[in-house]
Amino acid sequence: MPHILIVEDETIIRSALRRLLERNQYEVSEAGSVQEAQERFSIPSFDLIVSDLRLPGAPGTELIKLGQGTPVLIMTSYASLRSAVDSMKMGAVDYIAKPFDHDEMLQAVARILRDHQQAKSAPAPATGTTKANAEKVVDNSNGEIGIIGSCAAMQEMYSKIRKVAPTDSNVLIQGESGTGKELVARALHNLSRRAKAPLISVNCAAIPESLIESELFGHEKGAFTGASAGRAGLVEAADGGTLFLDEIGELPLEAQARLLRVLQEGEIRRVGSVQSQKVDVRLIAATHRDLKSLSKIGQFREDLYYRLHVIALKLPALRERGADVSEIARAFLVRQSTRQGRPELSFAADAEQAIRHYPWPGNVRELENAIERAVILCEGNSISAELLGIDIELDDLEDDFTGLPAQSGGLGHEPSEPTEDLSLEDYFQHFVLEHQDHMTETELARKLGISRKCLWERRQRLGIPRRKSSGATAG
């Protein structure tokens, strides 16, 4: 049983995290500070350390050195990308923002423990292979790429990755949400001459528009209210390495102009500064949106689009990858079964069929979540389609939007309007466009029976922007 050390000075958070981990079969010890942890425990003896960044006395990052190779997951309520990058540059394996989602914490813990165990037991990697890209290796044919799948479209993708990775050319990765765009970016970095330098990943949609320029390009002291000290940005942190900008279509136009200067001149200027400085950064961008169409309507800079579009890689959706979906599902089953101590689990025939024929609108991410849920809920040795939460004969909104009321106030204002011919995406799009003027995002999500995060992800995938008004009111 893995032994985890929690170092957190807030008793309520520490106790809640301890209960969460113990319920999931982890042995847990705890301390309120680095000093207390040193006095009570042999820190290198733990399998994982989960620590708050800000602690009385020494910061949580001090445990990276004291752990002598034990992985450290940093928690921070100061959830800026800057502090996360600083922690990871010091050797933390990952960070998680407080208040954290329980599933997110459990997934991070399991992944870190698995990676650490693989790193300890694996032979020395060949040139270009790293712990990060070893995570999803299935066979020798694409082992150094680190992505599961052998269909024709993916074989072509692997070939392009091998050709493009050694260069410094900008790359634009296109594909639906959940297809694995970050895995492709990681493979490009790991197989490049920059592999030993940082890979800085940024989700442009996750940073408030008012902060994006400061986070990416840094700022000088006094550049804006609250800027009490100068700070380097994420572009600067990636100097010598690779900058991966996910969902680049969400980048504001002002930030696009600054990014264009980085690509054209190889230099940045911090917010509030009059001086520029040189940077050596390879840019990899990803999006599920059509940037060329956005550039034609003025929502994305055309000159930036052509700078990014030096090499374009198109990731196929999971439904387009044929037998790969079964291969990926089996790999996920092995992973989740091992994590839960259920190595005897297998898919029933109806589950195999459902996996092959379900369209997986959330792609690989949705598949992994479905299998994790099924493994947890399974009481026997066989996972059925029902446990996966997918039924190819009932693939409609009744499954996905269980909270949607049947009476008027459902889709539109015409109760007699037939809905059986609408696809899940059509139904979602129709409902959101019909009601977003008089419902908040929380109300929309509640009516659809989904989370706000799921609502945001579906908006991104289907290209439905939020209203830019002062805010909806309950109707």
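**The sheet around β6**

Reply: In this predicted model, 5 strands form an open sheet with parallel pairing, in the order β7-β8-β11-β6-β12. The edges are taken by β7 (199-203) and β12 (311-314). Each of these has a single partner strand, so one side of each is left without a neighbour in the sheet. From one strand to the next, the twist averages 15°.

Now to β6 itself. This strand covers residues 171-174, and its pairing with β12 is parallel, over 4 bridges. Two pairs of residues show how the strands are lined up.

Helix α7 (residues 152-164) lies across β6, β11 (282-287) and β12. Its direction is at about 155° to β12.

How far can this region be trusted? Among the elements of the protein chain, β6 has the highest mean pLDDT, 96, while helix α6 (residues 131-134) has the lowest, 34. Over residues 123-141 the pLDDT is below 50, although the stretch has 34 contacts in the model beyond near neighbours in sequence. Residues 393-422 also have a pLDDT below 50, with 47 contacts in the model beyond near neighbours in sequence. The average for the protein chain is a pLDDT of 80, and 81% of the residues score at least 70.

The model has another open sheet of 5 strands, with parallel pairing and the order β2-β1-β3-β4-β5. At its edges stand β2 (27-31) and β5 (94-97). Each has a single partner strand, so one side of each is left without a neighbour in the sheet. Here the twist averages 20° from one strand to the next. Within this sheet, β1 (residues 3-7) runs parallel to β3 (residues 48-52), and 4 bridges join them. One of the residues involved is I6, whose bridge partner in β3 is V50. Helix α1 (residues 11-23) lies across β1, β2, β3 and β4 (72-76), and it runs at about 170° to β2.

Further along the chain, helices pack against one another. Two packed helices are described by the angle between their axes and the distance between the axes. Helix α14 (residues 324-340) packs with helix α15 (residues 349-357) at an angle of about 125°, and their axes are 8 Å apart. That angle makes α14 oblique to α15. The crossing of these two helices is right-handed. On the α14 side, V325, S326 and A329 take part, and they meet E352, I355 and R356 in α15. By class, this contact of α14 with α15 has 3 nonpolar, 1 polar and 2 charged residues.

Helix α14 also meets helix α16 (residues 363-377), and the axes of the two come within 9 Å and cross at roughly 40°. They are therefore oblique to each other. α14 passes α16 in a right-handed crossing. From α14 the contact includes V325, I328, A329, F332 and L333, and from α16 it includes V364, L367, I371, V375 and I376. Charged residues take part as well, among them R335 and R339 of α14 and E368 and E372 of α16. By class, the contact of α14 with α16 has 10 nonpolar, 3 polar and 4 charged residues.

Key: Residues are numbered from 1 along each chain as its sequence is written. This is a predicted model: local features need pLDDT of at least 70, side-chain atom pairs count only at pLDDT 80 or more; totals for chains, interfaces and linings use all residues. Side-chain values use heavy atoms; hydrogens and water are left out. Two strands pair if DSSP finds at least two bridges between them. Axes are lines fitted to C-alpha atoms, for helices over the stretch in contact, and angles run from 0 to 180 degrees between N-to-C directions. Contact means heavy atoms within 4.5 Å. Angles under 35 degrees count as roughly parallel, over 145 as roughly antiparallel, 65 to 115 as roughly perpendicular and the rest as oblique. A crossing is left-handed if the near helix is turned anticlockwise from the far one by less than a right angle, and right-handed if clockwise. pLDDT is the predictor's confidence in each residue, from 0 to 100.
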